[in-house]
Amino acid sequence: MGPRRKAIIHYLKNPDYRNQRILVVSTQVVEAGVDIDMDIGFKNQSLLDSDEQLAGRINRNLKKEGAELYLFKHNEPRLLYASDLRYKMTKDLAQEDYRRILEQKDFDFLYQKVLLALNEWNKGLLNKNLASYLLHLQHLDYQKAQEDFQLISQKNISVYVPLVLPFNDLGQANFSADQLLFLERFCPAAIGPEGVDAAEVFAVYLALILNPGEQYIQQQILLKQLQAIMAKFVFSVFDSPALRRQLAPFIDPEKSEYGYLYLLNWESLYSVEDGLNEQQF
């Protein structure tokens, strides 16, 4: 969940803990937009961009000696990047070119290959390419344009966990002052001594959807504000038929018709500290 991620980053950046030895085990979410400074990094090779991003989290301020990044090949990143031209071009690179690009920041070398391949693809008359995308726009077929123009083809499932989230975690506030004011006004039952009750927040969400009232614009504004709070109780996983079958016994089917899979009996399956417990499947 987002709040837990923010709390951990806040903890890592706290000067009081700088002298502790901390091991961070993470997905690639740590690679983008995270201002932390670590001494050593270990990473399974994937995209060059991704490898470079993790390198930026090591010896970030150039004040340490002996800080290093170790790249290794443990498993193929094909599942995530099979259709990504950057992955295909990186896979064909010689090891010396791979190393040189990272050491000299010569990413133009890789992207020239990617752009040349894209230009060749766009010349194909039968391909779904830039020309077909522009044709959808000329015909004002925006839905078709959206379907064809996807930056990320992998779909995710948003799972809503009706837990009680504390106001603070590892010294980091989970809710802004404005969000707490919003809850006090529109969802007072959600605020308790231990934190914010996600089940009560979801009840207000359902009420807004099922009973919109006459003020449509105002309802949409409230929904946007409420969804920003709801995002704190949501985790995302890659969508697949197998995962949906595994999650099915834990899902409330009626409440899961409104944009989220609503998790039942979540205590045995999920925790804020440890995430999803797949051993329960």
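User: Which residue stands opposite aspartate 252 in E11?
Analyst: Tyrosine 262 stands opposite aspartate 252 there. This is a predicted model, in which local features need pLDDT of at least 70 and side-chain atom pairs count only at pLDDT 80 or more, while totals for chains, interfaces and linings use all residues. Residues are numbered from 1 along each chain as its sequence is written, and side-chain values use heavy atoms, with hydrogens and water left out.

User: What makes E10 and E11 a pair?
Analyst: Two strands pair if DSSP finds at least two bridges between them. E10 and E11 have 2 bridges, in the antiparallel sense, so they meet the definition.

User: In which order do the 4 strands of the open sheet with mixed pairing stand?
Analyst: The order is E9-E3-E11-E10. E3 (residues 156-160) and E9 (residues 234-238) run antiparallel and are joined by 5 bridges. In E9, phenylalanine 235 is the bridge partner of valine 159. By contrast, E3 and E11 (residues 261-263) pair in the parallel sense over 2 bridges. Tyrosine 160 has tyrosine 262 in E11 as its bridge partner.

User: Which strands of the 4-strand sheet are called edge strands?
Analyst: The order of this open sheet is E9-E3-E11-E10. E9 and E10 (251-252) are its edge strands, since each pairs on one side only.

User: What is the order of the open sheet of 3 strands?
Analyst: The 3 strands stand in the order E4-E8-E7, with antiparallel pairing. E4 and E7 (191-192) each have a single partner strand and stand at the edges, so one side of each has no neighbour in the sheet. E7 and E8 (residues 195-197) pair over 2 bridges. Glycine 195 in E8 is the bridge partner of glycine 192.

User: How many helices and strands does the protein chain have?
Analyst: The protein chain has 12 helices and 13 strands. These are DSSP runs, numbered from the N terminus: a helix is H or I with at least four residues, and a strand is E with at least two.

User: Why does threonine 90 count as buried?
Analyst: Buried means under 20% relative accessible area, exposed means over 50%, and partly exposed is in between (1.4 Å probe, protein chains only). Threonine 90 has 7% relative accessibility, so it counts as buried. Its place is in helix H4 (residues 85-91).

User: What does threonine 90 touch, not counting residues up to four places away in sequence?
Analyst: A contact means heavy atoms within 4.5 Å. Threonine 90 touches Ser46, Leu48, Tyr98 and Leu110.

User: Why does leucine 71 count as partly exposed?
Analyst: Its relative accessibility is 27%, so leucine 71 counts as partly exposed. Leucine 71 is in strand E2 (residues 68-72). Neighbours within four places in sequence aside, leucine 71 is in contact with Lys43, Gln45, Asp51, Tyr98 and Leu102. Leucine 71 and glycine 41 are 30 residues apart in sequence, and their C-alpha atoms are 8.3 Å apart in space.

User: Does leucine 269 count as buried or exposed, and why?
Analyst: Leucine 269 has 1% relative accessibility, and therefore counts as buried. Leucine 269 lies in the loop between E11 and strand E12 (270-271).

User: How far does helix H10 (residues 198-210) reach from its first C-alpha to its last?
Analyst: H10 has 13 residues and reaches 18 Å, close to the 18 Å expected. Its buried residues include Val201, Phe202 and Leu208. The buried residues of H10 pack against E3, helix H9 (177-186), E8, helix H11 (216-230) and E11.

User: What share of the residues of the protein chain count as buried?
Analyst: Of its 281 residues, 33% count as buried.

Key:
Expected span 1.5 Å × (residues − 1).
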